[in-house]
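Trainee: I have just opened this entry and would like a short tour. Could we go through it together?

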Amino acid sequence: MTMDMAATAGRTDTNSDWRAIRARAGRLIDLKNPVFDFAGAGDHTLNPHLKDVAPPGESLRDAAVLFGVVKREPATVLFTLRTPHLSSHAGQIALPGGKIDTGDRDPLAAALREADEEVGLSPSLVEPLGYGDVYSTRSGYRIVPVVALIPETAKIVANPHEVADVFEVPLSHLMTPSNHLRNSREWNGARRYFYSMPYGERYIWGVTAGIVRTLFERLYG
């Protein structure tokens, strides 16, 4: 029996244990043979009445983010606070990630590259588990989440040009549906709905919260 198997023996499959995420990896989209539903989740999920958040077309730009589960006891997930001078989503909470470049082999490569650039996470330390569902945004992106495990000893250093802060949120908080709040606001003459998942002083909302919600549905739904 390996060390991980021994540690798992006798444990329940809870949403606070990183081993549970590894055990549920079979519910994720295969890294080697991904089949994505490009008209799946997105800002349009809660806003089917709005034309400007309709399911995606071919014009959307591709991006990838890393849903990095840190192997703590209990487990946490790595987030960034974007610097206020960035051209998009400035000052907002996000998962490490960005646009898929032409030199990226696949969404996994893009997410690992971006995480390295943003927070200094070495790709060699990351254990990829699978893809989540593509999430399309009103701002013109279709985002592929990469679910992965990160050792708690990994050195994380924020790139000050892109990241104002790096922090962790308990996995159990994110994978508890009662923490997935549905909010709304008026914008451009229409009421728009979105998820939020406040944690202490951190306000996780919008696209980031929407991606977390779809990952919850994929892993635990």
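Trainee: To begin, what share of the residues in the chain is buried?
Mentor: Buried residues account for 48% of the 221 residues in the chain. Please keep in mind that this is a predicted model.

Trainee: Understood. How many helices and strands are there?
Mentor: The chain has five helices and 11 strands.

Trainee: And what about contacts between residues at least 6 apart in sequence: what percentage join residues at least 24 apart?
Mentor: Of those contacts, 66% join residues at least 24 apart.

Trainee: How much accessible surface does the chain have, and what part belongs to carbon and sulfur atoms?
Mentor: The accessible surface is about 10,900 Å², and carbon and sulfur atoms hold 52% of that area.

Trainee: Let us turn to the strands. How do β10 and β11 run, and how many bridges join them?
Mentor: β10 and β11 run antiparallel, and seven bridges join them. Together they form a hairpin with two residues between the strands.

Trainee: Which residue of β11 is opposite Asn183?
Mentor: Phe194 in β11 stands opposite Asn183.

Trainee: Is β11 mostly covered or mostly open?
Mentor: β11 is mostly covered, as five of its seven residues are buried.

Trainee: What about the turn of that hairpin? Where does Asn188 lie?
Mentor: Asn188 is in the loop between β10 (181-187) and β11 (190-196). Its phi is near 55 degrees, which is a positive value in a residue other than glycine.

Trainee: Is Asn188 buried or exposed, and why?
Mentor: Asn188 counts as exposed because its relative accessibility is 64%, and the cut-off for exposed is over 50%.

Trainee: Changing topic, which residues does the cis peptide bond with omega of about 5 degrees join?
Mentor: That cis peptide bond joins Glu73 and Pro74. Pro74 is placed in the loop between β2 (61-70) and β3 (76-82).

Trainee: Finally, how many cavities of 30 Å³ or more does a search of the whole structure find?
Mentor: The search finds one cavity of 30 Å³ or more. The largest cavity has a volume of about 40 Å³.

Trainee: Which residues line the largest cavity?
Mentor: The lining consists of Thr80, Arg82, Ala94, Leu95, Gly97, Glu118, Glu162 and Val163.

Trainee: How does that lining divide into nonpolar, polar and charged residues?
Mentor: The lining of the largest cavity has three nonpolar, two polar and three charged residues.

Key:
Residues numbered from 1 in each chain as written. Predicted model: local features only at pLDDT ≥ 70, side-chain atom pairs only at ≥ 80, totals over all residues. Heavy atoms only, no water. 1 Å grid on protein atoms, 1.4 Å probe; cavity = no way out; pocket = protein on both sides within 12 Å on 5 of 7 lines; lining within 4 Å. Points joined across faces, edges and corners; volume = space filled by probe spheres on them. Nonpolar A, V, L, I, M, F, W, Y, C, P; charged D, E, K, R; others polar. Helix = DSSP H or I, 4+ residues; strand = E, 2+ residues; numbered from the N terminus. Buried < 20%, exposed > 50% of the residue type's maximum accessible area, 1.4 Å probe, protein only. Contact = heavy atoms within 4.5 Å. Areas by Shrake-Rupley, 256 points an atom, 1.4 Å probe, with all protein chains shown as cover. Pairing = 2+ DSSP bridges.
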